[in-house]
Amino acid sequence: MATKPDEKIAVLDVKLKQLLITCGRTESVLESTKDIAINRQIESLKALSKDVEQSRREVELLKITNDEPEDEITTWNAEVEEKLSKADEDIKRLEKWQDEYKQKKESIAREEQFKFEMKLHETKLQLQSEQNTKVLAPGSAPRSIAVKSTETGSFEVSWLPPEYPNGRISFYTIYYSDEPHKSWETWLFTFATKSPRKISQIQNDRRYAVRISSSTSRAAGPISEPFLVQTLQGAPSNPQNVQAKVISSTKVELTWKKPSYEGSGQGIVGYDIYYNTSLDGTRVKVTIHSPADFSKVVTGLSPAAIYKFDIAARTDAGSGPLSFPQFATTWEGAPSAPPNNFSCTAIDASHIHCSWRPPPRKDRNGLIIGYLIRYKLSNKDTSVKKSVTNSVLSMTLDKLQAYTVYHIDVAAKSSKGQGPFSDRIVVTTHETKPSKPPENMTATAINSTAIYVTWKAPTPPFGAKLTGYQFRYRKKPQEDIYRIIVIVGNKRRIVLTSLKPEQDYEFVIAAKSAKGTGRLTKPVVCKTKQAPPKPPVLVSKKLAAPQVGVALSWTSKARDIEQFQLRYAKDVEKITNETLLSKLTFVEKIFSSSVTAYNATNLGHGLWYVFKISVKNVGGWSTEREAWLLMDAAKPTGPPLNFRVEPKTSTSVQLSWDLPEKWKRNGKIIGYELSYLQVGSSTKRKSESLDDKRLFELQGLKKFTSYQFRILAKTVAGDGPAVNIEGMTKEDVPSDSPTLTDAAGMGTKVVRLKFKPPLTPNGRIIGYKVNIYLSNPTYAGVWRDDEMNENENKNEMYVGKLFKPDSKYWFTVAAKTSVGYGPFSDPIFAKTLSYDLPLPVRKLSVDVTSSSTVKLQWDSPVDTAAVHSYKISYRSEKIFIGGDKKEAKIELPEEIKTVNCCKLNSASLENLEPCTEYTVEIVSVSKSERASESKKIKIKTKVASSPMFPQPNISTNGITEEYIPIYVHPASERYGPISHYLIYVASLGKTISEARERLRDIRHSRSRRAVNTNGRDDVHIAGKLNASVVPTTFKVGRGQIQNGHTNRRLELGHFYAFSIQSCVLDENSLCLTTSTAFTDPVEFSGK
């Protein structure tokens, strides 16, 4: 009989569970370090993995046969593969342990072999000795052996004969090796007949082990214990009797005795301790600086770790050989790290499976004896704890709540205690159908055909994520079967419509999740209201002029009428779309049952009005009956909006506008009246009658000319108010040419042309162009042309670089706008001179750099042949408000400055008066002192802080118990207009001596023009005065807040001093300040 698909899947699940359980034993098997158990675990995992793989293929074939989706098969395969990969990983770890164990066994075997060979050699020598006892072989090894290095690369061995020589010693055999752990056959040896013996030609600064035996003429005696030496001149021998004692889980105490040979020079100066956590680990060095110390506690070690210790003595020449190693294993401690790879997965609605790996070996601090797993609800503080032995690396938590968030962590335990918990894992159990029904369901009749039902979600926990609700209702008692409505999402209310009037309805509801529908609530019954009446009949009629309104009346056959409701709204057109209609702003009127008429007055002209009437009785409000009426039009009361003008060409503009304001149109706009007039003209306006379009291009205008345009809207009742706007046509090329008025030679190669601009420029003139002819233009072509920017000189032009002196040339000139050049003028001729004249500079400009300095710049004249230097003259006359608040006038004498031509075309004018307008002239000067025409420019220097001004006056007789009056003097505005004044108050203490000392400190810390309050609590600003109110008396200490400053209260018996600061605002609105000296101390006596 064929196996069913579900049975094969169940078999695979059992095998996978068995495989995971077996994987869970891997760590405990590794901890046992038993080779046979580990090999058995490998074979079990491989066999189970093979069975799982075979079952997986069978189930995969069934899924393919059943046409399951390929992506689902791929996902399922990935889940199985993940569990198989866990077994593969464990097999690799177990096989790695076997490889390491094999290498370790081979290493131990090599060491045992070496020990065996040494023992064999010693036994052989002993047998020989015993055999030769009869022939008198030595009975003991040589005594008092000492090994030292007297020079680098060699060592010296000394000894005494054996205690039992058994005859005459014939010679000694000295064995030595720098790798004493290797086979005895690798050791080097030499012979000696007496002590001492020097061994040379060996490696420098290396540790060697040395052993000695003695021989008679017949046989060799026993071999001595090994002695260590470092082949470094003056190095000591190794420390003696090294011991390592464990005193805690992190400490080992080392003790030793001094070496038999203390080296050369000063002898031993200290010791070096080396230790590491394994034979191959990184070595740590601890230095002992005192030669008298023979013990050291090494701290900071790891618990349950094997350490190897070596000690070397140190002299000034260097370190001696390391002692023979001592091994120590620290005591166990609690784990210092949590378990590794902690993971938890929800299996179903009540189970979560967790697994982990032991902590890293370096953090176990001993043998792990078990684990503690802890879990709790996310919204609770109390936890549940469960313990397992070290062989268990997974746990399934049961009896959990469905669809609930749990926080889970795990810790490892050793014999010394519990380690830290792992990071918390947040896991949510699977959901089920909701275990509780919704709560607090209520049903309320809205009207005769609608009931409003609300409810609340079940109180958590209910084991599910809600996806919605299943709502059921039925007529009662007419219907047995419920009608079902599925509600998706978190909606917890529903309005049932299209119900029957005065009918009982029964409602129940259940919560839904992805796993199904939960339990139903208890039924709730609600009855619909009585049916509403039909809408009244509405009659409407416009009121007679001059009233603007509607007379309304209505009738209704409804019984038990309670109220009527009238609503009306307006718009510029009749609306048939219900959505747009609902957005209108309605006026609402409620009338009693006895009122059946109403006059709606003060309505708008030319507007559509909609009127809606409804009636209410015990059945509720009826639907509304509506009527539309169009009111008679009137003239617009508002002009067109957003009137705009845009230049199109040099003779046309485009005008556009929007309708008048909605409620000021007073009817349908049937057209517009446009009129226009050239700005500045006294002629009659021209008019254009337009239709209802709101865009018009007006042509036939003058070029580059400003016009005033006016537009008004029209209804059938007449014209509305107008709106004006100004606009301008675009530029064009000039219609005529400049008029040449004069042409004169100004040098051997320069001619000056004077001209008037075109009468009809059709734009802003931005430059000129001159054509130059060598003969009359009637018969000759243009020889050359020059261009000049309009801002260089509007009325004249210097033409340079002409062909030769004393020659006649003809010229024509054209003006230029942004569009291009206009026509050229009639020709004019001039003759160059036979000599050169100084010519004026070009492009004179100024840069105002400060309140007392400006920088002039210019371009050289067209021709500098006759220019030797430039003479700059400047003068000024200014009027300002002085310190007495009266107008003052000063004249600044003319100053002259000369600049050599022609490399540097600039000059700085210094020591100028701040805030002063100067007239500056510059002329070119020849060697013969002949000057050119002048170029003028006006400049104004920047403002500066005001001149020093008097300190405030204090009337001691005016002091009251509230304030001290001070009289504020104005400062001169010679250097710029003063914006405001600040009142500074210095608090100086209770005694006159203290006041004078503090005042000296304040005066020392201030600059000439500013009071320094930075970091000072004893100086504050009491007030800010507008310059227009000074001179004035200011009352210090009144406590009011003015212009952002607090006029602090004064303390009786304290001394104070006062200073005034003026402020001149510069171009960046920054204060340029000048401060008066502080007054002498004044006591606030409160008189």
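## Serine 224

Serine 224 sits in the loop that joins strand S7 (220–223) to strand S8 (227–230). Helices (H or I, at least four residues) and strands (E, at least two) are DSSP runs, numbered from the N terminus. Serine 224 has a relative accessibility of 4%, so it counts as buried. Buried means under 20% relative accessible area, exposed over 50%, and partly exposed in between, with a 1.4 Å probe and protein chains only. Leaving out residues up to four places away in sequence, serine 224 touches Ala141, Ile145, Arg211 and Ile212. Contact means heavy atoms within 4.5 Å.

This is a predicted model, in which local features need pLDDT of at least 70 and side-chain atom pairs count only at pLDDT 80 or more, while totals for chains, interfaces and linings use all residues. Residues are numbered from 1 along each chain as its sequence is written, and side-chain values use heavy atoms, with hydrogens and water left out.

Strands S1, S2 and S5 form an open sheet in the order S1-S2-S5, with antiparallel pairing. Two strands pair if DSSP finds at least two bridges between them. Strand S1 (143–148) and strand S5 (197–199) are the edges; each has a single partner strand, so one side of each is left without a neighbour in the sheet. Neighbouring strands are turned by 20° against each other on average, direction ignored. Axes here are lines fitted to C-alpha atoms, for helices over the stretch in contact, and angles run from 0 to 180 degrees between N-to-C directions. S1 and strand S2 (residues 155–160) run antiparallel and are joined by four bridges. Valine 147 stands opposite valine 157 in S2.

Another open sheet has four strands, in the order S43-S42-S45-S46, again with antiparallel pairing. Its edges are strand S43 (686–690) and strand S46 (718–728), each with a single partner strand, so one side of each lacks a neighbour in the sheet. The twist averages 20° from one strand to the next. Strand S42 (residues 671–678) runs antiparallel to S43, and five bridges join them. Tyrosine 672 stands opposite leucine 690 in S43.

## Helix H3

Helix H3 (residues 35–65) has 31 residues. From its first C-alpha to its last, H3 reaches 45 Å, close to the 45 Å expected at 1.5 Å a residue. The expected span is 1.5 Å times one less than the number of residues. Just after H3, aspartate 67 takes a positive phi of about 60°.

## Nonpolar cores

The largest nonpolar core holds 25 residues. Such a core is a set of buried Ala, Val, Leu, Ile, Met, Phe, Trp, Tyr and Cys residues joined through side-chain atoms within 4.5 Å. Ile964, Ile966, Tyr981, Ile983, Phe1034 and Val1036 touch the most other members.

What is tyrosine 981 in contact with, leaving aside its neighbours within four places in sequence? Its contacts include Phe949, His969, Pro970, Leu1025, Val1030 and Ile1060.

## Salt bridges

A search of the whole structure finds 45 salt bridges. A salt bridge is a side-chain nitrogen of Lys or Arg within 4 Å of a carboxyl oxygen of Asp or Glu. One of them joins aspartate 90 to arginine 93, with the closest N and O atoms 3.7 Å apart. Both residues lie in helix H4 (residues 70–131), three residues apart, about one turn of the helix. Aspartate 90 is buried, at 0% relative accessible area. Arginine 93 is partly exposed, at 25%. A network of salt bridges links Lys86, Asp90, Arg93 and Arg357.

Aspartate 310 forms a salt bridge with arginine 283, the closest N and O atoms being 3.2 Å apart. Aspartate 310 lies in strand S14 (residues 306–314) and arginine 283 in the loop between strand S11 (270–276) and strand S12 (284–288), so the pair ties together parts that are 27 residues apart in sequence. Aspartate 310 is buried, at 3% relative accessible area, whereas arginine 283 is partly exposed, at 36%. Glutamate 1067 and lysine 942 also meet in a salt bridge (3.2 Å, N to O). This pair links distant parts of the chain, 125 residues apart. Lysine 942 is partly exposed, at 27% relative accessibility.
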